[in-house]
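Please look through the sequence and the structure below before reading on.

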Amino acid sequence: MSKLIHARYTENGNSGWNGKAQAGDQTGNEVSVTNFYSAPWDFCLRYFNWELAREFAIIAKKLAGCVKVGYDQSQRNTLYKELKAVNFDVDKFILSGKKCETDCSAFVYACLCVLLPSLRSDKNAPVTAEMKDYYKNKGFSVFTGTDYLNGLKNQTGDILVRSGHHTAIFLSENDVNSEYSATLTAALKVIATEVLKGTFGNMPERKDKIYRAVQNMVNSMV
């Protein structure tokens with residue numbers, strides 16, 4: 001199933017303007033990957049370079065999974081500032097342990113700025129109501145057809161926008177499956193190595209031990 005990568009709400013379930021949200025992702029759901037859904041979306045933004053668009057989605061997924069980035073509209077530009085402080089090196093930012101905040105549109109902007117230096121600015125990141133004109137002027141295509149809003153013609157790195165409400169980054173089912181496949185292959189190689197080393201023993205019950213090891217890895221991936 002296709003996914004969406006997006007910043008959604010604070011640990012308190014609100015936008016964060018009350019000043020009570022803590023930096024970083026307190027719940028694992030403030031900035032996260034979820035199953036695809038229709039908002040409904042108003043339009044889709046697509047960058048002309050598919051490889052960069054895909055890398056953009058990978059960066060967003062990595063930031064969503066690091067739990068260092070939380071949601072807070074009142075501190076929406078702090079992710080950008082922390083990335084700028086490490087010259088937009090995402091891995092260096094994650095390793096720094098710094099915690100910061102963003103919101104849905106500022107998250108999209110910060111992730112794009114990692115790959116597109118021409119976008120970088122210390123001004124307030126474009127909000128959803130500004131995204132259509134802003135990114136169109138930066139070379140993005142705008143699609144409003146139904147199939148570009150319901151996942152049928154979307155590709156990894158597409159940006160779905162409901163103006164004035166929300167925005168999310170599309171991750172195609174093919175990319176989700178290929179990522180899981182690569183992870184499972186690597187995990188199975190680890191288990192195969194352990195089998196050759198005799199970690200599971202040589203008795204008949206080792207089959208059960210190996211099966212449980214594989215099942216545990218699959219469960220952790222899910």
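This is a predicted model: local features need pLDDT of at least 70, side-chain atom pairs count only at pLDDT 80 or more; totals for chains, interfaces and linings use all residues.

Residues are numbered from 1 along each chain as its sequence is written, and side-chain values use heavy atoms, with hydrogens and water left out.

Helix H2 covers residues 78-85 and helix H4 residues 104-115; their axes come within 9 Å and cross at roughly 15°. Helices here are DSSP runs of H or I with at least four residues, numbered from the N terminus, and axes are lines fitted to C-alpha atoms over the stretch in contact, with angles from 0 to 180 degrees between N-to-C directions. H2 and H4 are therefore roughly parallel (angles under 35 degrees). Leu 79, Tyr 80 and Leu 83 of H2 meet Phe 107, Tyr 109, Ala 110, Cys 113 and Val 114 of H4 (heavy atoms within 4.5 Å).

Tyr 80 and Tyr 109 also belong to one aromatic cluster, together with Tyr 47, Phe 48, Phe 88, Tyr 134, Tyr 135 and Phe 140. Rings of Phe, Tyr and Trp (its six-membered ring) pair if their centres lie within 6.5 Å; planes under 30 degrees apart count as stacked and over 60 as edge-to-face. The whole structure holds 10 aromatic pairs. Tyr 134 and Tyr 135 are edge-to-face, because their ring centres are 4.8 Å apart and their planes stand at 90°. Phe 143 and Tyr 148 are stacked, at 4.3 Å centre to centre and 10° between the planes.

Definitions and conventions:
Helices (H or I, at least four residues) and strands (E, at least two) are DSSP runs, numbered from the N terminus. Angles under 35 degrees count as roughly parallel, over 145 as roughly antiparallel, 65 to 115 as roughly perpendicular and the rest as oblique.
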